Amino acid sequence: MVRKIIKIDEEKCNGCGICASACHEGAIDIVDGKAKLVRENFCDGFGDCLPGCPMGAISFEEREAPAYDEAAVKAMQEKKGLVKDMNEMQHAEGHGCPGSRFMQLKSSVQMDEDPGMDMVSRMSSHPSRLMQWPCQIKLLPTQADFYNGAKLLIAADCTAYAYANMHEEFMKGKVTMIGCPKLDEGDYTEKLTEIIANNDIAGVTIVRMEVPCCGGLQRAAENAIRNSGKFLPWQVITISRNGEVIE
């Protein structure tokens, strides 16, 4: 029959296994370091695996494929003892890299207002302002709930070490995305464009180092905003090597 089914671009796939975790029907396996749709009759076409892919390697297509076999899926789940709750499924053994599973973290505002935190703890602690995981651009999904209405912080890796108050001044209240254009393979433009175009983004702040290689991160972010077709408030902040804001 002709129906909607997922398609995996093996050239984009990095084999992280997030899609295999998200597919609680068990249609996807990691084979030779790449995600593959190994059981077409187990794919229900709902696309639970799509938003989790950090590389944007999964899409829908309509083509001839076996009909979805719900009975076979249930039999497989019962045989393997797989849990049906998706949150539990994402933590089931043997599916992908635990460090790449995306999640929304307890917000900094909630931590500040936590009535259970005593005064000494408030005075001595410096809460993290990271709002989501992962934060590396290459690992982030192109669509996720934590993007909705969010301001993005696109920052060079080194800025968090060079600038002492990174969390409070720049990360607080933003979805943080980090990268190094000199060390990471490929260009960020396409990934950032998808994130900005496909989500309700409220604004973008780019924080870079003064060194020339950080220009690659700035250009990618600027091109992504332009390519998305959206008119967003955005700014670029440059940090010196001795930890001062120079722009």
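User: How much space lies in the largest pocket?

Analyst: About 280 Å³ of space lies in the largest pocket. A pocket here is an open set of points on a 1 Å grid over the protein atoms alone, where a 1.4 Å probe fits and protein lies on both sides within 12 Å along at least five of seven lines, and its volume is the space filled by probe spheres set on the points. Please keep in mind that this is a predicted model, in which local features need pLDDT of at least 70, side-chain atom pairs count only at pLDDT 80 or more, and totals for chains, interfaces and linings use all residues. Residues are numbered from 1 along each chain as its sequence is written, and side-chain values use heavy atoms, with hydrogens and water left out.

User: Which classes of residue are in the lining of the largest pocket?

Analyst: Its lining, meaning residues with an atom within 4 Å of a point, has seven charged, two nonpolar and one polar residues. Asp, Glu, Lys and Arg count as charged, Ala, Val, Leu, Ile, Met, Phe, Trp, Tyr, Cys and Pro as nonpolar, and the others, Gly among them, as polar. Among the lining residues are Lys12, Lys138, Asp187 and Glu194.

User: And what about the second largest pocket?

Analyst: That pocket holds about 180 Å³ of space. Of the 13 residues that line the second largest pocket, Cys135, Ala160, Met171, Thr176 and Ile178 are the closest to its centre. By class, its lining has nine nonpolar, three polar and one charged residues.

User: New topic: is helix α9 mostly covered or exposed?

Analyst: Helix α9, a DSSP run of H or I with at least four residues, is mostly covered, since ten of its 14 residues are buried, that is, under 20% relative accessible area with a 1.4 Å probe and protein chains only. Leu217, Ala221 and Ile225 are among the buried ones, and what covers them includes β7, β8 and β10, where strands are DSSP runs of E with at least two residues.

User: What comes just after α9?

Analyst: Gly229 comes there, and it takes a positive phi of about 80°.

User: How confident is the prediction, and what is the mean pLDDT?

Analyst: The mean pLDDT, the predictor's confidence in each residue from 0 to 100, is 82 for the protein, and 81% of its residues reach 70 or more. Over residues 82–96, however, the pLDDT is below 50, and it stays under 50 over residues 107–113 as well. Where pLDDT is low, the predicted coordinates should not be read in detail.

Technical notes
Contact means heavy atoms within 4.5 Å. Buried means under 20% relative accessible area, exposed over 50%, partly exposed in between (1.4 Å probe, protein chains only).
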